[in-house]
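User: I am new to this structure and would like to go through a few of its local features, one at a time.

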Amino acid sequence: MNNNLVNMRLSKKEKYIINSTRRIKILEFLASNIWSTAYNLSLLIDVNHLEYTRRLMERMIEDGLIVKREFSCLSGKRIIYLLTDFGFLEIGYAVKPKFNFKTSHQNFIHSELVQQLQIIAMNKNLEWRSEKSLIKSKEYKSYPDGLLISNHQKISIELQRNRYSLEALKNKIAKCLADCLSAKFNKVLFVCADNLNAEVMQKALHSVTILKGKNHQDIHFSDQYKTYFEFINFDEFQNYLQNLS
(Lines give C-alpha, C1' and ligand atoms only; values in the text may rest on other atoms or scores of the structure.)
Protein backbone atom coordinates (compact mmCIF):
# COMPACT_ATOMS: atom_id res chain seq x y z
CA MET A 1 0.00 0.00 0.00
CA ASN A 2 1.20 3.52 -0.76
CA ASN A 3 2.95 5.00 2.31
CA ASN A 4 1.37 8.40 1.64
CA LEU A 5 -2.12 6.88 1.87
CA VAL A 6 -1.20 5.16 5.13
CA ASN A 7 0.13 8.43 6.57
CA MET A 8 -3.09 10.25 5.61
CA ARG A 9 -5.05 7.79 7.73
CA LEU A 10 -2.92 8.28 10.84
CA SER A 11 -4.03 10.63 13.58
CA LYS A 12 -1.77 13.48 14.68
CA LYS A 13 -0.93 11.56 17.84
CA GLU A 14 0.04 8.46 15.88
CA LYS A 15 2.21 10.50 13.52
CA TYR A 16 3.88 12.19 16.51
CA ILE A 17 4.68 8.83 18.14
CA ILE A 18 6.13 7.41 14.90
CA ASN A 19 8.20 10.53 14.31
CA SER A 20 9.50 10.60 17.90
CA THR A 21 10.42 6.91 17.76
CA ARG A 22 12.35 7.44 14.53
CA ARG A 23 14.22 10.43 15.93
CA ILE A 24 15.31 8.51 19.05
CA LYS A 25 16.37 5.53 16.94
CA ILE A 26 18.53 7.81 14.78
CA LEU A 27 20.09 9.53 17.82
CA GLU A 28 20.97 6.21 19.47
CA PHE A 29 22.46 4.85 16.24
CA LEU A 30 24.60 7.96 15.75
CA ALA A 31 25.74 7.79 19.37
CA SER A 32 27.14 4.29 18.87
CA ASN A 33 28.45 4.76 15.32
CA ILE A 34 29.68 8.40 15.48
CA TRP A 35 28.35 9.21 11.99
CA SER A 36 26.03 7.93 9.29
CA THR A 37 24.51 8.79 5.91
CA ALA A 38 20.95 9.57 4.89
CA TYR A 39 20.78 6.29 2.97
CA ASN A 40 21.80 4.19 5.97
CA LEU A 41 19.46 6.09 8.28
CA SER A 42 16.61 5.46 5.83
CA LEU A 43 17.34 1.74 6.18
CA LEU A 44 17.44 2.14 9.95
CA ILE A 45 13.98 3.70 10.23
CA ASP A 46 12.62 1.51 7.40
CA VAL A 47 11.64 4.36 5.08
CA ASN A 48 11.72 3.93 1.30
CA HIS A 49 11.94 7.63 0.44
CA LEU A 50 15.37 9.19 0.88
CA GLU A 51 13.93 12.69 0.64
CA TYR A 52 11.73 12.00 3.69
CA THR A 53 14.82 11.05 5.70
CA ARG A 54 16.69 14.14 4.55
CA ARG A 55 13.77 16.37 5.59
CA LEU A 56 13.65 14.61 8.96
CA MET A 57 17.38 15.19 9.43
CA GLU A 58 16.99 18.87 8.52
CA ARG A 59 14.33 19.25 11.24
CA MET A 60 16.65 17.54 13.72
CA ILE A 61 19.40 19.96 12.71
CA GLU A 62 17.03 22.88 13.33
CA ASP A 63 16.29 21.41 16.76
CA GLY A 64 20.02 21.34 17.55
CA LEU A 65 20.22 17.54 17.85
CA ILE A 66 22.56 16.80 14.96
CA VAL A 67 24.89 18.51 12.49
CA LYS A 68 25.83 17.61 8.94
CA ARG A 69 29.28 17.69 7.45
CA GLU A 70 30.73 17.19 3.98
CA PHE A 71 33.20 14.38 3.44
CA SER A 72 35.24 14.41 0.23
CA CYS A 73 35.97 11.04 -1.35
CA LEU A 74 36.89 9.72 -4.80
CA SER A 75 33.26 9.63 -5.91
CA GLY A 76 32.68 13.25 -4.84
CA LYS A 77 31.35 14.96 -1.74
CA ARG A 78 29.25 12.95 0.70
CA ILE A 79 27.02 14.28 3.47
CA ILE A 80 27.35 12.69 6.89
CA TYR A 81 25.40 13.34 10.09
CA LEU A 82 26.78 13.53 13.64
CA LEU A 83 25.30 14.21 17.07
CA THR A 84 25.65 17.53 18.87
CA ASP A 85 26.21 17.84 22.62
CA PHE A 86 22.48 18.47 22.93
CA GLY A 87 21.77 15.33 20.89
CA PHE A 88 23.78 13.24 23.34
CA LEU A 89 21.94 14.84 26.26
CA GLU A 90 18.61 14.03 24.60
CA ILE A 91 19.33 10.30 24.89
CA GLY A 92 20.80 10.43 28.38
CA TYR A 93 24.53 10.99 27.86
CA ALA A 94 25.74 13.31 30.61
CA VAL A 95 29.08 13.73 28.86
CA LYS A 96 29.63 13.63 25.12
CA PRO A 97 32.09 10.84 24.16
CA LYS A 98 35.40 12.09 22.77
CA PHE A 99 36.03 11.27 19.14
CA ASN A 100 37.44 12.75 15.98
CA PHE A 101 35.98 11.97 12.59
CA LYS A 102 39.10 11.16 10.62
CA THR A 103 38.93 8.47 7.98
CA SER A 104 40.24 7.56 4.56
CA HIS A 105 38.06 7.02 1.49
CA GLN A 106 38.50 3.25 1.79
CA ASN A 107 37.67 3.18 5.50
CA PHE A 108 34.62 5.37 4.87
CA ILE A 109 33.19 2.90 2.33
CA HIS A 110 34.05 -0.03 4.61
CA SER A 111 32.32 1.56 7.61
CA GLU A 112 29.28 2.53 5.55
CA LEU A 113 28.79 -1.09 4.48
CA VAL A 114 29.36 -2.41 8.01
CA GLN A 115 26.63 -0.04 9.21
CA GLN A 116 24.28 -1.56 6.65
CA LEU A 117 25.00 -5.06 7.98
CA GLN A 118 24.38 -3.79 11.51
CA ILE A 119 21.07 -2.19 10.50
CA ILE A 120 19.90 -5.37 8.76
CA ALA A 121 20.65 -7.33 11.93
CA MET A 122 19.02 -4.73 14.21
CA ASN A 123 15.86 -4.64 12.09
CA LYS A 124 15.58 -8.39 12.66
CA ASN A 125 15.86 -7.78 16.42
CA LEU A 126 19.27 -9.44 16.63
CA GLU A 127 21.97 -8.26 19.01
CA TRP A 128 24.96 -6.55 17.38
CA ARG A 129 28.09 -5.38 19.17
CA SER A 130 30.27 -2.92 17.27
CA GLU A 131 34.02 -3.15 16.76
CA LYS A 132 34.43 0.00 18.86
CA SER A 133 32.73 -1.60 21.90
CA LEU A 134 34.66 -4.86 21.44
CA ILE A 135 38.03 -3.10 21.35
CA LYS A 136 37.27 -1.55 24.73
CA SER A 137 36.90 -5.05 26.21
CA LYS A 138 40.45 -6.06 25.14
CA GLU A 139 39.32 -9.70 25.01
CA TYR A 140 40.03 -10.74 21.43
CA LYS A 141 42.96 -11.71 19.23
CA SER A 142 41.04 -10.47 16.16
CA TYR A 143 38.48 -7.71 16.54
CA PRO A 144 35.61 -8.23 14.08
CA ASP A 145 33.66 -5.50 12.32
CA GLY A 146 30.69 -6.65 14.37
CA LEU A 147 29.70 -9.41 16.75
CA LEU A 148 26.30 -10.91 15.94
CA ILE A 149 24.54 -12.81 18.72
CA SER A 150 21.65 -15.09 17.77
CA ASN A 151 20.23 -18.14 19.57
CA HIS A 152 23.27 -18.20 21.86
CA GLN A 153 25.58 -18.21 18.83
CA LYS A 154 28.34 -15.62 18.74
CA ILE A 155 29.24 -14.91 15.12
CA SER A 156 32.20 -12.75 14.20
CA ILE A 157 31.29 -10.61 11.18
CA GLU A 158 34.14 -9.65 8.86
CA LEU A 159 33.33 -7.39 5.92
CA GLN A 160 35.93 -7.95 3.20
CA ARG A 161 36.15 -5.83 0.03
CA ASN A 162 39.56 -6.88 -1.30
CA ARG A 163 41.69 -10.00 -1.37
CA TYR A 164 44.26 -10.61 1.35
CA SER A 165 47.87 -11.35 0.55
CA LEU A 166 48.73 -14.94 1.53
CA GLU A 167 50.63 -13.91 4.66
CA ALA A 168 47.92 -11.45 5.74
CA LEU A 169 45.28 -14.15 5.21
CA LYS A 170 47.20 -16.68 7.31
CA ASN A 171 47.66 -14.12 10.08
CA LYS A 172 43.95 -13.25 10.05
CA ILE A 173 42.88 -16.91 10.10
CA ALA A 174 45.23 -17.71 12.98
CA LYS A 175 43.84 -14.90 15.13
CA CYS A 176 40.20 -15.72 14.30
CA LEU A 177 40.79 -19.42 14.98
CA ALA A 178 42.35 -18.63 18.37
CA ASP A 179 39.21 -16.69 19.33
CA CYS A 180 36.98 -19.54 18.16
CA LEU A 181 38.97 -22.17 20.09
CA SER A 182 38.79 -20.01 23.23
CA ALA A 183 34.99 -19.77 22.78
CA LYS A 184 34.98 -16.07 22.00
CA PHE A 185 33.15 -16.88 18.74
CA ASN A 186 31.20 -19.91 17.51
CA LYS A 187 32.07 -19.05 13.93
CA VAL A 188 33.52 -16.37 11.67
CA LEU A 189 31.43 -15.07 8.77
CA PHE A 190 33.22 -13.29 5.95
CA VAL A 191 30.79 -11.03 4.07
CA CYS A 192 32.34 -10.25 0.69
CA ALA A 193 31.65 -7.09 -1.31
CA ASP A 194 32.95 -4.91 -4.14
CA ASN A 195 36.21 -6.41 -5.48
CA LEU A 196 35.83 -9.80 -3.81
CA ASN A 197 33.24 -12.57 -3.92
CA ALA A 198 32.60 -15.35 -1.43
CA GLU A 199 33.72 -18.19 -3.68
CA VAL A 200 37.15 -16.63 -4.24
CA MET A 201 37.55 -15.92 -0.52
CA GLN A 202 36.54 -19.46 0.42
CA LYS A 203 38.98 -21.02 -2.05
CA ALA A 204 41.79 -18.84 -0.73
CA LEU A 205 41.14 -19.82 2.87
CA HIS A 206 40.74 -23.52 2.07
CA SER A 207 44.08 -23.49 0.22
CA VAL A 208 45.86 -22.70 3.50
CA THR A 209 47.28 -25.77 5.23
CA ILE A 210 49.72 -24.42 7.84
CA LEU A 211 49.29 -21.54 10.28
CA LYS A 212 51.73 -19.97 12.71
CA GLY A 213 50.60 -20.33 16.30
CA LYS A 214 51.97 -19.16 19.62
CA ASN A 215 55.77 -18.89 19.67
CA HIS A 216 55.66 -19.30 15.86
CA GLN A 217 54.86 -23.00 16.10
CA ASP A 218 53.31 -24.60 13.01
CA ILE A 219 49.60 -25.47 13.33
CA HIS A 220 47.92 -27.82 10.86
CA PHE A 221 44.85 -25.96 9.56
CA SER A 222 42.61 -29.03 9.47
CA ASP A 223 39.21 -29.49 7.83
CA GLN A 224 37.71 -29.40 11.32
CA TYR A 225 39.22 -25.98 11.96
CA LYS A 226 37.99 -24.76 8.57
CA THR A 227 34.38 -25.44 9.60
CA TYR A 228 34.58 -22.38 11.87
CA PHE A 229 34.66 -20.17 8.77
CA GLU A 230 31.74 -19.25 6.49
CA PHE A 231 31.53 -17.05 3.39
CA ILE A 232 28.68 -15.14 1.76
CA ASN A 233 28.28 -12.20 -0.58
CA PHE A 234 26.93 -8.92 0.78
CA ASP A 235 23.50 -9.29 -0.85
CA GLU A 236 23.07 -12.72 0.80
CA PHE A 237 23.21 -11.38 4.37
CA GLN A 238 19.42 -10.99 4.71
CA ASN A 239 18.87 -14.66 3.82
CA TYR A 240 21.73 -15.74 6.07
CA LEU A 241 20.04 -14.10 9.05
CA GLN A 242 16.70 -15.58 8.07
CA ASN A 243 18.21 -19.06 8.18
CA LEU A 244 19.64 -18.45 11.65
CA SER A 245 16.17 -18.26 13.22
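Analyst: A polar contact is a pair of N or O atoms within 3.5 Å, where within protein one must be able to donate a hydrogen and the other to accept it. Please keep in mind that this is a predicted model.

User: With which side chain does the side chain of Ser-142 make a polar contact?

Analyst: Ser-142 is placed in the loop between helix 7 (131-137) and strand 5. Leaving aside residues up to four places away in sequence, Ser-142 touches Glu-158, Lys-172, Lys-175, Cys-176, Asp-179 and Phe-185. The polar contact of its side chain, at 2.9 Å, is with the side chain of Lys-172.

User: Does Ser-142 count as buried or exposed?

Analyst: Buried means under 20% relative accessible area. The relative accessibility of Ser-142 is 4%, and therefore Ser-142 counts as buried.

User: Within what arc do the buried residues of helix 11 fall, seen down its axis?

Analyst: In helix 11 (residues 237-244), the buried residues are Phe-237, Tyr-240, Leu-241 and Leu-244. These buried residues line one face of the helix, because, seen down the axis of helix 11, they fall within an arc of 95°.

User: Which residues are exposed on the other side of helix 11?

Analyst: The buried residues of helix 11 pack against several elements, including helix 6 (105-122) and strand 10 (229-233). On the other side of helix 11, the exposed residues are Asn-239 and Asn-243.

User: Which strands stand at the edges of the open sheet of three strands?

Analyst: The order in this open sheet is 1-3-2, with antiparallel pairing. Each edge strand has a single partner strand, so one side of each is left without a neighbour in the sheet, and these are strand 1 (35-36) and strand 2 (66-73).

How values were computed
Residues are numbered from 1 along each chain as its sequence is written. This is a predicted model: local features need pLDDT of at least 70, side-chain atom pairs count only at pLDDT 80 or more; totals for chains, interfaces and linings use all residues. Side-chain values use heavy atoms; hydrogens and water are left out. Buried means under 20% relative accessible area, exposed over 50%, partly exposed in between (1.4 Å probe, protein chains only). Helices (H or I, at least four residues) and strands (E, at least two) are DSSP runs, numbered from the N terminus. The arc is that of the directions from the helix axis to the C-beta atoms. Contact means heavy atoms within 4.5 Å. Two strands pair if DSSP finds at least two bridges between them.
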